[in-house]
Amino acid sequence: MNFLTIGHRGVMGVEPENTLRSFVAADRAGLDVIELDLHLSKDGALVVMHDADVDRTTDGTGPIADRTLAELRALDAGRGERIPTFEEVLDAVRAPLQAEIKDTAAARALAEVMRRRDLVGRVEVLSFHDEAVAEISRLVPGVRTALVASRYGADVVDRAVAVGACTLVLNIRRLTLEVVEEARKANLRIIGWVVNTQDHLRLVRALQLDGATTDYPDIKRTGRFTA
């Protein structure tokens, strides 16, 4: 399998994260996959943003869930960008997507879009939450899923297997050879995040991971030559 370079929230190291500007830049840079985050607005729209609140990445304040899509659209998400909906991203780029969901409600909304637009082949669904992974798997037959973990031990492999995930997306700062070996025994792919330096990239390659999630498009170019 080819080594995958995955754009973290687009190319958030150089463009405003989770915006169409960032996603289009990732697509043009030739990143293999683009990762994004999903939340539901007050009126049920599937919007692209990492945090549950709008404070950090826009000029607004308060929870996403307290605002309608129209109210979210009025915010500046950086460099004049607006908060996009999931379907706008689908239409704006050609690359495969990794969509991270935060809960089962987002899983249900995403499942509806995936079924309607036949996205099983294009969208892999990620979550830190086991129940969200299990829910999307139940709702969308054949969907590819990944369990994401920041603080974890070898038990993360058993958790992934239990919810039917085929991939682990793991914080490389805690990644050990033991975890990698256990994941391989379970036939799981492993993606390392966040890989922003040559040292991180060398570690990912030395552990023979399947890919790297990065904030910077240059990792795509240098990844081919790093052993």
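Predicted model: local features only at pLDDT ≥ 70, side-chain atom pairs only at ≥ 80, totals over all residues.
Reader: How many helices and strands does the secondary structure of the chain come to?

Author: Runs of both kinds are counted along the chain, under the length limits of at least four residues for helices and at least two for strands. Counted in this way, the secondary structure comes to nine helices and nine strands.

Reader: What radius of gyration does the chain have, and what would a compact globule have?

Author: The C-alpha atoms fill a box of roughly 45 × 35 × 30 Å along the principal axes, and 53% of the 227 residues count as buried. A compact globule with 227 residues would have a radius of gyration near 17 Å, and the chain agrees with this, because its own value is 17 Å.

Reader: Is His-39 buried or exposed?

Author: His-39 belongs to strand 2, which covers residues 33-40, and its contacts beyond four places in sequence include Ala-45, Leu-46, Ile-64 and Lys-102. A residue counts as buried when its relative accessible area is under 20%. The relative accessible area of His-39 is 12%, so His-39 is buried.

Reader: Which backbone oxygen does the side chain of His-39 reach?

Author: Among the residues that His-39 touches are Met-49, His-50 and Asp-51. With a distance of 3.0 Å, the side chain of His-39 reaches the backbone oxygen of His-50.

Reader: Is the peptide bond from Trp-193 to Val-194 cis or trans?

Author: Most peptide bonds are trans, which is the background for reading any single bond. Val-194 lies in the loop between strand 8 (189-193) and helix 8 (198-206). For the bond from Trp-193 to Val-194, omega is near -15°, and the bond is cis.

Reader: Is Arg-9 buried or exposed?

Author: Arg-9 is found in the loop between strand 1 (4-8) and helix 1 (20-28), and its phi is near 55°, a positive value in a residue other than glycine. The limit for a buried residue is a relative accessible area under 20%. Since Arg-9 has a relative accessible area of 10%, Arg-9 is buried.

Reader: Does Gln-208 count as buried or exposed?

Author: Gln-208 sits in the loop between helix 8 and strand 9 (211-214), and this residue, which is not glycine, has a positive phi near 60°. A residue is exposed when its relative accessible area is over 50%. At 62% relative accessibility, Gln-208 therefore counts as exposed.

Terms used: Residues numbered from 1 in each chain as written. Heavy atoms only, no water. Rg over C-alpha atoms; globule rule 2.2 N^0.38 Å. Buried < 20%, exposed > 50% of the residue type's maximum accessible area, 1.4 Å probe, protein only. Polar contact = N/O pair within 3.5 Å; in protein donor to acceptor, adjacent residues only side chain to side chain. Contact = heavy atoms within 4.5 Å.
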